[in-house]
Amino acid sequence: MDYDGELVAGTAKKLIGNLIVDVELNDGKIEPAFCGAVEVADMCKQGMPVLLLREADDTRILKNKLLFLKTSGGWIFADPKYNRALFKEAFVAKKIEELRPYKSCRALKHSEAKGIDFELTGENGEKAFVFVTSIYNKKDGCAAFPQKMNFFEMKMLEEMRHKINKGAKVFIMMIAPREDCDKAKFSWDIDPLAAAAMYDAAQFGINFICYNCKIEENNISLHQKMRIIY
Amino acid sequence: MSNRNKDGIVIHTDKKDFEGMRKAGKIAAECLDFITPYVKPGVTTEYLDDLCAQFIKEKGVISACIGYHGYPKYTCISINHEICHGIPSPERKLLDGEILNIDVTVIADGWHGDTSRMYYAGKPSVKAKRLCDVTYECLMRGIEAVKPGAYFGDIGAVIEEIAHHYGYSVVDMFCGHGLGKVFHDEPNVMHCGKKGTGPRIEEGMFFTIEPMINFGKKDATILANEWTAVTKDRSLSAQFEHSLAVTSNGAEIFTLSPKGMDKPPY
């Protein structure tokens, strides 16, 4: 998936509030940048290299969007808005091993399945359902999950159980938008409630898939399957 | 075809609904483009309203404002400390340096196009210009938060964060709203709030985002005309508004300026 414009390099100076980061550009100018993902903004520490996407409209007061952050391990993609697009692209290219038996992919509306993102259909009409999410945390060299969950995502897990009861397969597709991890680890520490809910979900038959990303100058794509350590 | 979800919000699935909204939104935006050169010191707000009314008439559509719960004019024009619903008046002449919001809603083939922008009469002060820039930023970043699966609280959280970052406050007495065949419908789109709260945003929803940002405190009061809201501390207030639809991967803005005049200076 290509980015919407040219990227500008800089260094993070300071996180202000939850979503705005002061960035020193390579020419020494300090400019604020908007970061849509609170989880990524939280990770932003002084001195971290960042890549910004310039707004096409130069009169905007917040001219930059923080698109990438470089942690000690590597680059992290900071815009969760592209999750669905990344998944769809990888599905069409048959990159996701577990989902290769399925031929078609339909984006679901929330009212159809309480937040489940996609319905997949196999050659013989068998169904699978996929929820796509990002995981940003890192622990012991592994991408750590689950992230915090809210009430609606908890309800969605219930919906997934209904789907399993009806004979469908259900997947939670976790995208680690980074290059520095090749394993993902189940963690009880980030949000114990979410961890308990995910643990129950796994016992019930919900499948977890985790992929890292390949980050290039002009685009980002799903890269490798990550082994999940429980 | 359209139906309401469990939160009472209309979900539009028919392409014709989108076409209807595009047409109405475009005319409303064109009206704001049209009025731009006439906004200057010395003109009355009623004169601007008359011009907009004439434009709307010539386009073969109608204004949703006039007669709405007894509202007397075709547009709302709110100057300086007026937050919204300013009533155009033959006595009120624009002064050099004033900032104003013109809010237009048209009905085209039954569909509502609702939009507003800030204008400068002459040369605004640095602080007024900055308030307008930040308010526009709030609107556009709020729109960026719109995608299926996100929450209405996400929009308010972003707007509030940006406004507070620049030292301004967000009016919580008024909010954005659903629209379509109806002018004001579900949901109420709050411009402040918490991420991950409120109803889920779904593809096919039509609503407005219209943050009102105050230079001083957020508190508002209504004038004796029973329409015009002003800041209690008489500090400057600014507002921008777009009507939009939720698409599969974000939002389609119906009321973008055809001439690219979405934000002053024009």
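This is a predicted model: local features need pLDDT of at least 70, side-chain atom pairs count only at pLDDT 80 or more; totals for chains, interfaces and linings use all residues.
**The interface**

The contact draws 27 residues from chain A and 29 residues from chain B, and the area buried between the two chains is about 2,500 Å², with carbon and sulfur atoms giving 55% of that area. On the side of chain A, Arg60(A), Ile61(A) and Lys81(A) supply 27% of the area that this chain buries against chain B, more than any other three residues. Between the chains there are three salt bridges, and eight residue pairs are in polar contact across the interface, both residues being at pLDDT 80 or more. Strand 3 (30-34), strand 5 (64-70), helix 3 (110-113) and helix 4 (151-165) are the elements of chain A that give two or more residues to the side touching chain B. By class, that side has 10 nonpolar, nine polar and eight charged residues.

**Salt bridges**

Over all chains, a search of the whole structure finds 32 salt bridges, and the table lists some of them.

| Glu55(A) | Arg141(B) | 3.0 Å |

Because Arg141(B) and Glu137(B) are four residues apart in helix 3 (residues 126-144) of chain B, about one helical turn separates them. Arg141(B) counts as buried at 1% relative accessibility, and Glu137(B) is likewise buried, with a relative accessible area of 0%. Salt bridges that share partners join Glu55(A), Arg60(A), Lys65(A), Glu137(B), Arg141(B) and Glu144(B) into one network.

Asp180(A) lies in the loop between strand 12 (169-176) and strand 13 (183-186), whereas Lys138(A) lies in strand 10 (residues 138-139), so the pair ties together parts of chain A that are 42 residues apart in sequence. Asp180(A) is buried at 17% relative accessibility, while Lys138(A) is partly exposed at 36%. Glu159(A) and Lys163(A), by contrast, both lie in helix 4 of chain A, four residues apart, which is about one turn of the helix, and both residues are buried.

**Buried positions and a covered helix**

Tyr3(A), in the segment before strand 1 (7-16) of chain A, is buried with a relative accessible area of 11%. Although Tyr3(A) and Leu67(A) are 64 residues apart in sequence, their C-alpha atoms are 9.2 Å apart in space. Beyond its neighbours within four places in sequence, Tyr3(A) is in contact with residues including Leu67(A), Phe68(A), Phe77(A) and Ile215(A).

In chain B, Ser116(B) lies in strand 7 (residues 111-121) and counts as buried at 1% relative accessibility. The side chain of Ser116(B) makes a polar contact of 3.0 Å with that of Asn101(B), and among the other residues in contact with Ser116(B), leaving aside neighbours within four places in sequence, are Leu32(B), Asp103(B) and Phe240(B).

Helix 4 (residues 152-165) of chain B has 14 residues, which at 1.5 Å a residue should span 20 Å, in agreement with the 21 Å between its end C-alpha atoms. This helix is mostly covered, with 11 of its 14 residues buried, among them Phe152(B), Ile155(B) and Glu161(B). Gly167(B), which follows helix 4 of chain B, has a positive phi, near 85 degrees.

How values were computed
Residues are numbered from 1 along each chain as its sequence is written. Chains are lettered from A and ligands numbered from 1 in the order in which they are written. Side-chain values use heavy atoms; hydrogens and water are left out. Contact means heavy atoms within 4.5 Å. Buried area is the accessible area (1.4 Å probe) that two parts lose on being put together, summed over both. A salt bridge is a side-chain nitrogen of Lys or Arg within 4 Å of a carboxyl oxygen of Asp or Glu. A polar contact is a pair of N or O atoms within 3.5 Å; within protein, one must be able to donate a hydrogen and the other to accept it, and residues adjacent in sequence count only if both atoms are side-chain atoms. Ala, Val, Leu, Ile, Met, Phe, Trp, Tyr, Cys and Pro count as nonpolar, Asp, Glu, Lys and Arg as charged, and the others, Gly among them, as polar. Buried means under 20% relative accessible area, exposed over 50%, partly exposed in between (1.4 Å probe, protein chains only). The expected span of a helix is 1.5 Å times one less than its number of residues.
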